[in-house]
Amino acid sequence: MTQKTWNVYLSGEIHTDWRERIIEGTKAAGLAVEFSSAVTDHDASDMVGVNILGSEEDNFWRDRKASGINSIRTSTQIKAADLVVVRFGPKYRQWNAAFDAGFAVASGKPIVTLHDAELDHPLKEVDEAAKATCREPEQVVEILTYLLS
């Protein structure tokens, strides 16, 4: 019998190596997991709309073009996921990550949040919707190891 390959969507903060730590950890554990994610190159993501559809004088419309195109990728990948991991980092307000978490829950996808303890209070509603809240990427790997064993 072949083992099901899980599809895990990695959402959120793009300034640290948390994605790589989860991906490498699952590879080292020999887990059947495929990962998807938003575009993590900040400039490429922000400029996709004007690069494809033409320049904009107003930043609102520049951002609107980019968010429309990016949302096609994000919503499609979240809908295809078996699990969504949402990382909230300490440095920036990550509205996109919060939106992804809500979209995933509304789509019936289980989420695992990943953040430091100092964000417990501002993320209490998001954590309530999560099936688990992790502090380190390696804990996500341990959850995946348990789920796939």
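**Helix packing and buried cores**

Helix α1 passes helix α6 in a right-handed crossing, where right-handed means that the near helix is turned clockwise from the far one by less than a right angle, and left-handed anticlockwise. The model is a predicted one, in which local features need pLDDT of at least 70 and side-chain atom pairs count only at pLDDT 80 or more, while totals for chains, interfaces and linings use all residues. Residues are numbered from 1 along each chain as its sequence is written, and side-chain values use heavy atoms, with hydrogens and water left out. Helices (H or I, at least four residues) and strands (E, at least two) are DSSP runs numbered from the N terminus.

**α1 and α6**

- The axes of α1 and α6 come within 8 Å and cross at roughly 35 degrees; axes are lines fitted to C-alpha atoms, for helices over the stretch in contact, and angles run from 0 to 180 degrees between N-to-C directions.
- On the α1 side W18, R21, I22, G25 and T26 take part, and they meet P137, E138, V140, V141 and L144 of α6, contact meaning heavy atoms within 4.5 Å.
- Sorted by class, this contact of α1 with α6 has six nonpolar, two polar and two charged residues, where Ala, Val, Leu, Ile, Met, Phe, Trp, Tyr, Cys and Pro count as nonpolar, Asp, Glu, Lys and Arg as charged, and the others, Gly among them, as polar.

**The nonpolar cores**

- The largest nonpolar core has 15 residues, and those with the most contacts inside it are V8, I22, V85, V140 and L144; such a core is a set of buried Ala, Val, Leu, Ile, Met, Phe, Trp, Tyr and Cys residues joined through side-chain atoms within 4.5 Å.
- Two or more residues of this core come from each of β1 (6–12), α1 (18–28), β3 (83–87), β4 (111–114) and α6 (137–148), and α6 gives the most, with four residues.
- Apart from this core lies another, of 14 residues, among them Y9, V86, V126 and A130.
- I22, when its neighbours within four places in sequence are left aside, is in contact with L10, F35, V85, L114, P137, V140 and V141.

- Helix α2 (residues 42–53) packs against α3 at an angle of about 100 degrees, with the axes 7 Å apart, which makes α2 roughly perpendicular to α3 (angles under 35 degrees count as roughly parallel, over 145 as roughly antiparallel, 65 to 115 as roughly perpendicular and the rest as oblique).
- In this contact, S45, D46, M47, V48, G49, V50, I52 and L53 of α2 meet R62, K65, A66, I69 and N70 of α3, and the classes are seven nonpolar, three polar and three charged residues.
- Helix α3 (residues 59–80) and helix α4 (residues 95–106) pack at about 45 degrees with their axes 10 Å apart, so α3 is oblique to α4.
- The crossing of α3 past α4 is right-handed, and the contact is made by T74, S75, I78 and K79 of α3 and D100, F103 and A104 of α4, which divide into three nonpolar, two polar and two charged.

**Two buried residues**

- E13 is placed in the loop between β1 and α1, and with 5% relative accessibility E13 counts as buried (buried means under 20% relative accessible area, exposed over 50%, and partly exposed in between, with a 1.4 Å probe and protein chains only).
- Leaving aside neighbours within four places in sequence, E13 is in contact with W18, R19, R87, G89 and Q94.
- I111, in strand β4, has 1% relative accessibility and therefore counts as buried.
- Not counting residues up to four places away in sequence, I111 touches L83, V84, A101, A104, V105, V126, A129, A130, K131 and A132; the C-alpha atoms of I111 and V126, 15 residues apart along the chain, are separated by 9.3 Å.
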